[in-house]
Amino acid sequence: MLFGTTVRCDLLAMNINKIALLFGVLLLLSSVGEIRVRASIHEYTNESFTPRFNSFFFHGGSEGLYASKNLDPPKTVPTDDNGKPLNGNSFIRFESITFKRPKEIAEKQNEMQQSTGVVEALIVEVKDSDKIGRAYMNSNAICCNPTLSKEGFCKVGEVIIREDPENPGWPKRLQTSFEGNSEEAKMELQTIYINKTGMYYLYFVVCDPELKGTKITGRTVWRNPEGYLPGKMAPLMTFYGLMSLAYLVLGLLWFLRFVQHWKDIIQLHYQITAVISLGMCEMALWYFEYANLNATGSRPFGITLWAVTFSAIKKTFSRLLLLVVSMGYGVTRPTLGGITAKVVLLGFVYFLASEALELVEHLGNINDLSGKARLYLVLPVALLDAFFIVWIFSSLSKTLEKLQIRRSMAKLELYRKFTNALAVSVLLSVAWIGYELYFNASDPLSELWRRAWIITAFWTLLAFTLLVFICILLSPSHNPTRYAYETGDDDEEGLSLTGVGVIAAGELGSKVDRKDHVFGLAVEDLEEDKRE
């Protein structure tokens, strides 16, 4: 039986590094392709239009929006914050949108001419994307040309649009004209109500080649019926609220166990307590951050900064906890010895990298970053995660081998369960990373936006589940020595190695004053027992 157990542990130890390396590579791929966070208020600051086919366009944003609960929203457009009909309505509002063309182009225009250039704002539901531009005659053209104009498909200087017969007026077109030789054209304050649930894209398009170099400034406000949270993020507010309660329950149960066996607490229990506390604060802060964003449409710097910081600290502590447990800290070794500095340095570097990435994603606008710039932010965190995984499994392999040599059966059983839990989490992570890569690759236009929140929620739920298992495995008890380090652990459970003679000596030892542990018996003690 013991031989069979040893063989299984040896096979697991041999394959553990391969699993860790595979998981690290998949984690890197997943991190590079993860879903980007979008805000509900899109700011434009002197942004440029990009040439595309026979047009210049600017992507103004995209979000999943639910249909308005009020089927007949008011037709009047409010001009101040107090009069805006918000409750139950889903809309896109254009605020302070200004287009500015180059001065030399404006000076060439006729001062008396009413319209000397047009900029169009297009709101398109993703399923209607084939109704824009190239849908006609299999052409790549976005703007109408004289040939198509003669056939009556469109007007020269405008975007080619084929309206949806089932939803008249969509895709939505809003036009803003430059007057005379003016350099600027201001878009009227407009609110477009959404009566159909879907993923909506906003584009600003210029068809006139003379308007090359035009810039856009202003903002658009996107709102769902229940608040300003984008459709992808709205379910996460409820999820973080439930996770806050889950951490609270776990914390209360752990505290009760902690108090019940406070005399038998070891250092490892304090570290687990810290991770639970950090997780509780992290979930609560994210819930309040999302609640505030849902109510106001903007991220408060203070709450977001605290949420990001607690998230980075908790991630760092969680990884360090797994690492030191895998090394056998408090179980097979009293301290980390000479590698303490390396562990602390790795944790510090990981915290800085994670904090930087989280700050940019939640306080900045990640959509404005190029692919290379984003890669520079994600790559350090992904590589450090992979390094953590390899080091954890490598240390776990050595700890298992050490426990086998010592014949520490109780601790070997504990670490076997811990290894199985990590193995299951690795398998689930690999499977989920594969699903996430498939999800992102098969849905480039975010048509499945209502499922996107599950990607983020899974990792939070997996981390919580693993923490619960560790709490059960290493919970405080009246007998902490079943897994705590003791002096002389190298000879632990020596009974199975010394034979019947030591067992007999142990029985005789009850008649005289001697040490409690069998492995503390000396040869002189045995001889004295025989004489008696």
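Helix α6 has 26 residues and spans 37 Å from its first C-alpha to its last, close to the 38 Å expected at 1.5 Å a residue; the expected span is 1.5 Å times one less than the number of residues. Helices here are DSSP runs of H or I with at least four residues, strands are runs of E with at least two, and both are numbered from the N terminus. The model is predicted: local features need pLDDT of at least 70, side-chain atom pairs count only at pLDDT 80 or more, and totals for chains, interfaces and linings use all residues. Residues are numbered from 1 along each chain as its sequence is written, and side-chain values use heavy atoms, with hydrogens and water left out.

Just after α6, G328 takes a positive phi of about 90°. Helix α6 (residues 301-326) packs with helix α7 (residues 340-363) at an angle of about 150°, their axes 9 Å apart. Axes are lines fitted to C-alpha atoms, for helices over the stretch in contact, and angles run from 0 to 180 degrees between N-to-C directions. By class, the contact of α6 with α7 has 12 nonpolar, 7 polar and 4 charged residues (Ala, Val, Leu, Ile, Met, Phe, Trp, Tyr, Cys and Pro count as nonpolar, Asp, Glu, Lys and Arg as charged, and the others, Gly among them, as polar).

Helix α6 also packs with helix α9 (residues 409-442), at an angle of about 140° and with the axes 12 Å apart. The pair α6 and α9 is therefore oblique. The crossing of α6 and α9 is left-handed, whereas α6 passes α7 in a right-handed crossing. A crossing is left-handed if the near helix is turned anticlockwise from the far one by less than a right angle, and right-handed if clockwise.

Turning to the strands, an open sheet of 5 strands runs in the order β2-β3-β9-β5-β6 with antiparallel pairing; two strands pair if DSSP finds at least two bridges between them. At the edges lie β2 (50-52) and β6 (172-177), each pairing on one side only. The twist averages 30° from one strand to the next. Within the sheet, β5 (residues 118-125) and β9 (residues 198-206) pair over 7 bridges, and the bridge partner of V124 in β9 is Y201.

F53, in the loop between β2 and β3 (55-65), has a positive phi of about 55° although it is not a glycine. P171, in the loop between α3 (146-150) and β6, is joined to W170 by a cis peptide bond with omega about 0°.

Lastly, the aromatic rings. The count comes to 27 aromatic pairs, where rings of Phe, Tyr and Trp (its six-membered ring) pair if their centres lie within 6.5 Å, and planes under 30 degrees apart count as stacked, over 60 as edge-to-face and the rest as tilted. F91 and Y193 form an edge-to-face pair, 6.1 Å centre to centre with 75° between the planes. F91 lies in strand β4 (residues 91-100) and Y193 in strand β8 (residues 190-193), so the pair ties together parts that are 102 residues apart in sequence.

Note on methods. Angles under 35 degrees count as roughly parallel, over 145 as roughly antiparallel, 65 to 115 as roughly perpendicular and the rest as oblique.
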